[in-house]
Amino acid sequence: MIENKKYTQKFNFAFIDEATKKEIRRKLLKAVAIPGYQVPYSSPEMPVSRGWGTGGLHVTLAVIGREDIFKIIDQGSDASVNACNLREFVQRMTNCKTTFDTKEATLIQTRHRITEEELTENQLFIFQVPQPEPLRGVERYEYKTRQMHGEADYAKMWVSLYESFVRYGDIMLGAGYPVKVNDRYIMAPSPIPRWDIPNLSHSKALFLFGAGREKRLYAVPPHTKVEPLEFEDLKFNIEGFQGSSCYKTGYKKAFLDELYFDDGSKHHVINDSNFLDKLSEKGRPTQHSNKYLNQLGS
Amino acid sequence: MNILEINDLSKLFQLYILNNKRIEGLKNIHFTVKEGEIVGLTGKSGSGKSSLMKCIYRTYLASSGEILYSSGAGVIDLVRADDHAIIALRKNEITYCSQFLSVIPRVPAVDVVCERLFRVEKDKDQARQKAREMLEDLGLPVELWDAFPVTFSGGEQQRINVARAIISRPRLLLIDEPTASLDPRTKDIVIRMILELKKHGTSVLCISHDEYTLERLVDRRLHLQHGEIVETALA
Amino acid sequence: MSGKNDNWLLRVRNLTKIYGEPDENTLNLTGPEYHSNICPATESIVACADINFDLYPGEVLGIVGESGSGKSTVVKLLHFDMEATGGSAWLRPYANGHSNILGESGQKKRTIRNHLMGMVYQNPRDGLNFKFSSGGNIAEKLIMAGNFHVGNIRNRASSLLEKTEVPVRRMDDQPSSFSGGMQQRVQIAKAIANNPPLLFLDEVTTGLDVSVQAKVLDLIRELQQDLGIAMIVVSHDLSVIRMLTDRTIVMKNGRIVESGLTDQILQDPQHAYSQLLVSSLL
């Protein structure tokens, strides 16, 4: 019998009741078994509005354990309002240790970025996803997109990339570039920048994706092939930053934010706040390595 | 060897839209055509000459009897053969030239003439060249070669019609009034061309009213009256 | 002469499509003798039934009939736009003609459709995606067949547009800015993009102006002569049939009433209904 302690304590551990956690975990297992395939799930109501990270929260709260060390970032920053809000919520619901340190964390929830620092096989990486359906832009009907995924009929997606080339000379997607997982499903990687896309492939960590508003879960298991959609003569490339460097550390090979000082001058700074902190303190965090990054030179 | 052997052929038209009226087109038709022979069909209009030819070409479905044709691959009954076999024969071996040019619109005269040729040979330029030579032979003015035949005079259309049928050297040529609207000089040219075909082994069944043509062209005559063959004669 | 029988490209047997819930009498109570597609007992609609024919490579088959004859249904069933209620079809280039294509899985049907068939609809909106450019529409067909090189795709698209006499400089324009005749020609270019052995043409000139109709028909004829594609041409217009086809099937109330060589159907129609149709030629 599942003991529902809701009536004896104020909240169940991790807020969600055990039956719902079971359902979410089973769906996650299915998602891991079929990399890139979107699994519908119950998406229970949370004290956070839809569109504010409920999907990521669902996954986190379903899999978190008492010994986990939890980190959450929002566009690379641990200190943003929403990251702090959700961190406090999770901390109160689970009493887990929380941290800003990427290396220390065992469970990382993120909104729209992958950490610069390398992930290990001891870590779970959970994405908040606004629109899980990569084909939504070219096909508005759900029954049709399901059929397209089922039959691996992605021609419309490819044509939209071709059309972008025809109209603008290049594929203009900056964030959320569609990827093909395990040579089968096309997946929406959430609106992460192009910079992060190569780090999805053959990672040591398990990637889980939760879309609360759309009620879908999907996953990319470790060591799985994830490749961006590209034509034979129109290849994928990451942002170049044209040789700019972080004004604080002088580092060039990380994803940079633009900053404007009060005097109007433009500077860049590393987006991943923990990575920036570590570099500032002369630490040596190990970065992800991929072929695009290696081509950048130092 | 007989290229064509017709036994007991008859054609009955059943017109449902005219209150099921029945018209006897042909009855008891028996004759043969030897390979390399030119046979003339004569008779008043309405006697069944065109119907007979159309039955052989399968434009009309014969009501009974058989039409045995010796094709390159064996003997085939044209009455009972399936559509695909007929289409193949029409493409490769049997050509039908109707009395008037049935015009496919917006195709220039040269292309009309060599259409059959480049269905088989696939070399458009060579086919067009042959067509031009033939049109020159027939005395068609050069300006008309690339014009649409729909606007030509009867005689000009007839020349294109004949050229189209002759150019591909069929095994069996069914030709309806080849010299009808032509002047004497062109008549001679057409007759000469058909006799050329005969030299290359083509057998010809030819409908004509014109004594001049029949005298010079045919080996044998069949005279039709009211849908029946009433006499045969050597030319 | 029996060797000829085995050379077919497409073989269709007993193709049937019934809407509703038929019973064992439905087929016996509908058809040309009853002048009705609707079964009086069950109110199910027999769109087409017992359709049998063979199509040989390079042949053009016409299907003619009036509204409700089922002619468009036949072609839509063969192109997998609809599920058949019964019957089988075999396509020579697929599994050497040993596998019933109507019974294949959705994914296999999609492969057959992309590689072995082309379809041109009466309404360009059914065959083209108006959100993409005309070149993009052709690219869709090429990509579905496994071409992922943008340069090659563009070259092939422009050569197809040239072939169908659409100005190549409009390759990147959307079809919504084209005239009806040009939209049809883009559809034709898309349909022949993968050099399919079989092309379906469903009332492609109906509704077009006469001069435009003429151009499209001429184009189809030329393509047929050049590429030797086997075609099934559906039309209610006998003059289109006469111009394009070698053989014709006449349909009424979902059944075939007569089939034969086109010139024979037009000059010596045997069935009462065919005679009626032919005599109605303006």
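How far apart do the closest C-alpha atoms of chain A and chain B lie? They lie 36 Å apart, and no contact joins these two chains; two residues are in contact if their C-beta atoms, placed from the backbone, lie within 7 Å.

This is a predicted model, in which local features need pLDDT of at least 70 and side-chain atom pairs count only at pLDDT 80 or more, while totals for chains, interfaces and linings use all residues. Residues are numbered from 1 along each chain as its sequence is written, with chains lettered from A and ligands numbered from 1 in the order in which they are written.

**View 1. The contact of chain A with chain C.** Chain A gives 13 residues to this contact and chain C gives 17 residues. On the chain A side, eight are nonpolar, none polar and five charged (Ala, Val, Leu, Ile, Met, Phe, Trp, Tyr, Cys and Pro count as nonpolar, Asp, Glu, Lys and Arg as charged, and the others, Gly among them, as polar). Of the two pairs of chains in contact, B and C share the most contacts.

**View 2. The surroundings of T85(C).** Leaving aside neighbours within four places in sequence, T85(C) is in contact with T16(C), K17(C) and I18(C). The C-alpha atoms of T85(C) and Y19(C) are separated by 8.5 Å, although the two residues are 66 residues apart along the chain. T85(C) has 17 other C-beta atoms within 10 Å and is therefore partly exposed (buried means 20 or more such atoms, exposed 12 or fewer, and partly exposed in between, with C-beta atoms placed from the backbone).
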